[in-house]
Structures are given as C-alpha cells and as structure tokens.
Amino acid sequence: MNNKALLTVCLLNLLLAPLILFSQSTAKMVSLQSPNQKINVALLCQQNSDQGDWYIKASYNNNGKNIVAIPRIDVGLSRSDQDFSKELKFLKVSKPILIKKQYTALHVKRSVCSNSANIS
C-alpha cells in the first residue's frame, strides 16, 4: 500500500473514531501511527488543554526526515444556525488495533497483495 493510501486510511479512522465528544477528559493530543511507523496522524487541541478548538495534523517519515503532509484540518461542524466546532471536549482514546488483509488483484504485476493498518 502506498503512503497516500495509508495516510487516507489513518486519517479516516481518526475522523470516524469517537474521539471528539462532549465529555470530560485530560488529553491534549492523540496520535495514531501506521504499522511501519512512517505515517503519523495526530489530533491536537489549539488551547493545549482538554477543551477547545481541535485539529488534525498528518506527517510522514521520508528517509529519516519528518515531513508534514497536512498541516491542519479543523475538526467540528459549522452550520448556519449553530457552530459545533468550538469548545469541544475530549472523551477517550481507543486502543489501536492492527489489521492485516490479503487480497487478489486482477490485471496488475503482482496478483497477491497485502495491506496492514492501525485503527482505533
């Protein structure tokens, strides 16, 4: 699996995981790494506390050099009648689970492919 696809999987897992909810906690940052430790997706609070404006940052390791791929994606929902993106509170972190899949691809150089990812 290439870095862009793995980054997308990790990013979607962070977005879909129930990490930002309205409850009390003490977390300031949550990070999820790919199984090969090359991709890191972090959920951070701008106010450096458990409540505030949260955002996602994605980076990858390119031959020992840490490169920020996505510097900031704000988390939340803003509607015309109400804003659900401010003063969010962190609820909990799920323990990462390693998933390994093998599949057969048609019309490619390598017919048996494998994929591994961390989800939470």
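Arg 72 is partly exposed, at 39% relative accessible area. Here buried means under 20% relative accessible area, exposed over 50%, and partly exposed in between (1.4 Å probe, protein chains only). Asp 74 is exposed, at 55%. The two side chains form a salt bridge, 2.7 Å from N to O. A salt bridge is a side-chain nitrogen of Lys or Arg within 4 Å of a carboxyl oxygen of Asp or Glu.

## Basis of the model

This is a predicted model, in which local features need pLDDT of at least 70, side-chain atom pairs count only at pLDDT 80 or more, and totals for chains, interfaces and linings use all residues. Residues are numbered from 1 along each chain as its sequence is written, and side-chain values use heavy atoms, with hydrogens and water left out.

## Other salt bridges

The whole structure holds three salt bridges. One of them joins Lys 86 and Asp 53, at 4.0 Å from N to O. Lys 86 sits in the loop between β6 and β7 (88–90), and Asp 53 in the loop between β4 (51–52) and β5, so the pair ties together parts 33 residues apart in sequence. Lys 86 is partly exposed at 47%. Asp 53 is buried at 15%.

Asp 81 and Arg 79 also pair, at 3.0 Å from N to O. Asp 81 is exposed at 57%. Arg 79 is partly exposed at 43%.

## Strand pairing

Strands (E, at least two residues) and helices (H or I, at least four) are DSSP runs, numbered from the N terminus. Two strands pair if DSSP finds at least two bridges between them. β3 (residues 39–45) pairs with β5 (residues 54–62), antiparallel, over seven bridges. Asn 40 stands opposite Ser 59 of β5.

β5 also pairs with β6 (residues 65–74), again antiparallel and over seven bridges. Ala 58 has Ile 70 of β6 as its bridge partner. β5 and β6 make a hairpin with two residues between them. Asn 63, in that turn, has a positive phi of about 55°.

## Buried residues and cysteines

Ala 117 lies in strand β9 (residues 112–119). Ala 117 is buried at 7% relative accessibility.

Cys 45 is buried at 7%. Cys 113 is buried at 11%. The structure has zero disulfides (pairs of cysteine sulfur atoms within 2.5 Å).
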